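Student: I have a model open and would like to go through it with you. Where should we start?
Tutor: With the charged side chains, then the rest.

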Amino acid sequence: MDHDHLMACGMAKWQGTMISVSNIKRVVSVFILRPNENKSNHIKWDVAVFRRCCTMPTFPNHWAGISGSIEDTDDSPLEAAMRELEEETNLYDYELTMKGHDNKNPSR
């Protein structure tokens, strides 16, 4: 079956396994980056990572960026990313840009 036919049937193929489209979650991930200029004026980036809770159903105790589901109430993936960042870190004064997507880039 081709991709369009599978989607019309509510099924998708992922890594050779058939799964129900109803089991697929839309998620966003946020990575906090800070430029760190060294003595030779080369910029390296510090990346904030967080250890996932041991009770998480996926990747417990692994290091990761901030991530969460895109809710029906979110107007866009960027809005979901901003909500997740605020919920998970209590950061509210920041500038957020979306990479790898062709949307307008609102910031806060």
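Student: Fine. Arg-83 and Asp-74: buried or exposed?
Tutor: Arg-83 and Asp-74 are both buried. Keep in mind that this is a predicted model.

Student: Why does Arg-83 count as buried?
Tutor: Its relative accessibility is 19%, and buried means under 20%.

Student: And what do the side chains of Arg-83 and Asp-74 form?
Tutor: They meet in a salt bridge, with 2.8 Å from N to O. Side chains of opposite charge can pair when their charged atoms come close.

Student: Which residues are linked with Arg-83 in a network of salt bridges?
Tutor: The network links Arg-83 with Asp-74, Glu-84 and Glu-87. In the bridge from Arg-83 to Glu-84, the closest N and O atoms are 3.0 Å apart. For Arg-83 and Glu-87 the N to O figure is 3.3 Å.

Student: Where do Arg-83 and Glu-87 lie?
Tutor: Both are in helix H2, four residues apart, which is about one turn of the helix.

Student: What about Glu-84, buried or exposed?
Tutor: Glu-84 is buried, at a relative accessible area of 5%.

Student: How many salt bridges does the structure hold?
Tutor: Four.

Student: Back to H2. What span should its residues give?
Tutor: H2 covers residues 77–89, and its 13 residues should span 18 Å at 1.5 Å a residue. The end C-alpha atoms are 18 Å apart, so the two agree.

Student: Which residues of H2 are buried?
Tutor: Leu-78, Ala-80, Ala-81, Met-82, Arg-83, Glu-84, Leu-85 and Glu-86. Their cover includes strand S3 (27–30), strand S4 (32–37) and strand S8 (66–69).

Student: What happens just after H2?
Tutor: Asn-90 takes a positive phi there, of about 65 degrees.

Student: Which residues make up the largest nonpolar core?
Tutor: There are ten: Val-28, Val-30, Ile-66, Ile-70, Leu-78, Ala-80, Ala-81, Met-82, Leu-85 and Tyr-94. S3 and H2 are the elements that give two or more residues to this core. H2 gives the most, with five residues.

Student: Take Ala-80. What is it in contact with, leaving aside neighbours within four places in sequence?
Tutor: Val-28, Ile-70 and Asp-74.

Student: Now the outside. Which residues form a nonpolar patch on the surface?
Tutor: Phe-31, Leu-33, Ile-43, Trp-45, Val-47, Val-49 and Trp-63. Together they have about 760 Å² of accessible area.

Student: Which strand gives the most to the patch?
Tutor: Strand S5, residues 43–48, with three residues.

Student: Where does Val-49 lie?
Tutor: Val-49 is in the loop between S5 and strand S6 (50–51). Its relative accessibility is 41%, so Val-49 counts as partly exposed.

Student: Zooming out, how many helices and strands does the chain have?
Tutor: The protein chain has two helices and eight strands. From the N terminus on, the order is α-β-β-β-β-β-β-β-β-α.

Student: What share of the chain counts as buried?
Tutor: 20% of its 108 residues.

Student: And what does the accessible surface come to?
Tutor: About 8,800 Å², with 53% of that belonging to carbon and sulfur atoms.

Student: Last one: what share of contacts joins residues at least 24 apart?
Tutor: It is 26%, taken among contacts between residues at least 6 apart in sequence.

Methods. Residues are numbered from 1 along each chain as its sequence is written. This is a predicted model: local features need pLDDT of at least 70, side-chain atom pairs count only at pLDDT 80 or more; totals for chains, interfaces and linings use all residues. Side-chain values use heavy atoms; hydrogens and water are left out. Patches are made of residues with over 30% relative accessible area and no salt bridge: like charges are joined within 9 Å, nonpolar side chains (Val, Leu, Ile, Met, Phe, Trp, Tyr) within 5 Å. Accessible areas come from the Shrake-Rupley method with a 1.4 Å probe; for residues, only the protein chains shown count as cover. Buried means under 20% relative accessible area, exposed over 50%, partly exposed in between (1.4 Å probe, protein chains only). The expected span of a helix is 1.5 Å times one less than its number of residues. Contact means heavy atoms within 4.5 Å. A nonpolar core is a set of buried Ala, Val, Leu, Ile, Met, Phe, Trp, Tyr and Cys residues joined through side-chain atoms within 4.5 Å.
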